[in-house]
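Subject: Structure handover

Hello,

I am passing on the structure we discussed, with notes on what turned up in it. Please look it over before reading on.

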Amino acid sequence: MKKLLIALTMVLAFGAIAPKVFAVSYNLEAIRLYNMGLEQYKKGAYNSAIDNFKEAIEIQKNFYDAYYNMAIVYDFVGRTTEAANALEMLLKQSPEDFSACLKLAQIYHKKGDIDKALTFAEKIPSSAQEYDKARDLISRIATESSAKIKHKNLENTEIAAKALPEGKNILGIN
């Protein structure tokens, strides 16, 4: 989980020194709901956690950590479509959130949507912290795809062999 409380402490500390540096100000009620969501998640109350994150987002539309953590909980409980939707909403507002890109690529991979998984994994630049994990995912997808092709070819060969008249080999020779 992202360390929002540390970031908020830094924002408040630096806010006194350089108040014009930070353009984002967080609504205190949204922060309270977000923190409740984190606590609910830790307790295993996943639906309550999701509800808290949703409420925080309703109050603070640009609360990226709430979107991200809501997606994490959705994914954890197997609601991958909702997880992907939350991350896509986050990325519309913050397209350079490469943690969200990576998580979305992983979710699409899990769902079997290889094209979307590759699209999001390939958006992560080499300068990003998530780059190595994105490359690992891309390699894993390539390996899995290669294995599926080999398996399909083997199945086709077996089907063709079964279709041959008895006593003939694949070349049609006795």
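Of the contacts in the chain with a separation of 6 or more, 46% are between residues 24 or more positions apart. Please keep in mind that this is a predicted model. The chain has 174 residues, of which 33% are buried. Its secondary structure amounts to 8 helices and 0 strands, so the pattern along the sequence reads α-α-α-α-α-α-α-α.

Helices α2 and α3

The axes of α2 and α3 are 8 Å apart, and the helices pack at an angle of about 165°. Because angles over 145 degrees count that way, α2 and α3 are roughly antiparallel to each other. Their crossing is left-handed. On the α2 side, the contact is made by Glu29, Ala30, Leu33, Tyr34, Met36, Gly37, Leu38, Gln40 and Tyr41. On the α3 side, Tyr46, Ser48, Ala49, Asn52, Phe53, Glu55, Ala56 and Ile59 take part. Sorted by class, the contact of α2 with α3 contains 11 nonpolar, 4 polar and 2 charged residues.

Helices α2 and α4

Helix α2 covers residues 28–43 and helix α4 covers residues 64–76. Their axes come within 11 Å and cross at roughly 20°. That angle is under 35 degrees, and α2 and α4 are therefore roughly parallel to each other. The crossing in which α2 passes α4 is left-handed. From α2, the contact uses Tyr34, Leu38 and Tyr41; from α4, it uses Asp65, Ala66, Asn69, Val73 and Phe76. The classes in this contact of α2 with α4 are 6 nonpolar, 1 polar and 1 charged residues. Tyr34, Leu38 and Tyr41 of α2 are also listed in the contact with α3.

Glutamine 60

Glutamine 60 sits in the loop between α3 (46–59) and α4. Is glutamine 60 buried or exposed? Its relative accessible area is 9%; the cut-off for buried is under 20%, so glutamine 60 counts as buried.

What do the polar atoms of its side chain lie close to? One of them is 3.2 Å from the backbone oxygen of serine 25. The side chain of glutamine 60 is also joined to the side chain of asparagine 62 by a polar contact of 2.7 Å. With neighbours within four places in sequence left aside, glutamine 60 is in contact with Ser25, Tyr26, Asn27 and Ala30. Ala30 is also one of the α2 residues in the contact with α3.

Regards

Terms used
Residues are numbered from 1 along each chain as its sequence is written. This is a predicted model: local features need pLDDT of at least 70, side-chain atom pairs count only at pLDDT 80 or more; totals for chains, interfaces and linings use all residues. Side-chain values use heavy atoms; hydrogens and water are left out. Axes are lines fitted to C-alpha atoms, for helices over the stretch in contact, and angles run from 0 to 180 degrees between N-to-C directions. Helices (H or I, at least four residues) and strands (E, at least two) are DSSP runs, numbered from the N terminus. Angles under 35 degrees count as roughly parallel, over 145 as roughly antiparallel, 65 to 115 as roughly perpendicular and the rest as oblique. A crossing is left-handed if the near helix is turned anticlockwise from the far one by less than a right angle, and right-handed if clockwise. Contact means heavy atoms within 4.5 Å. Ala, Val, Leu, Ile, Met, Phe, Trp, Tyr, Cys and Pro count as nonpolar, Asp, Glu, Lys and Arg as charged, and the others, Gly among them, as polar. Buried means under 20% relative accessible area, exposed over 50%, partly exposed in between (1.4 Å probe, protein chains only). A polar contact is a pair of N or O atoms within 3.5 Å; within protein, one must be able to donate a hydrogen and the other to accept it, and residues adjacent in sequence count only if both atoms are side-chain atoms.
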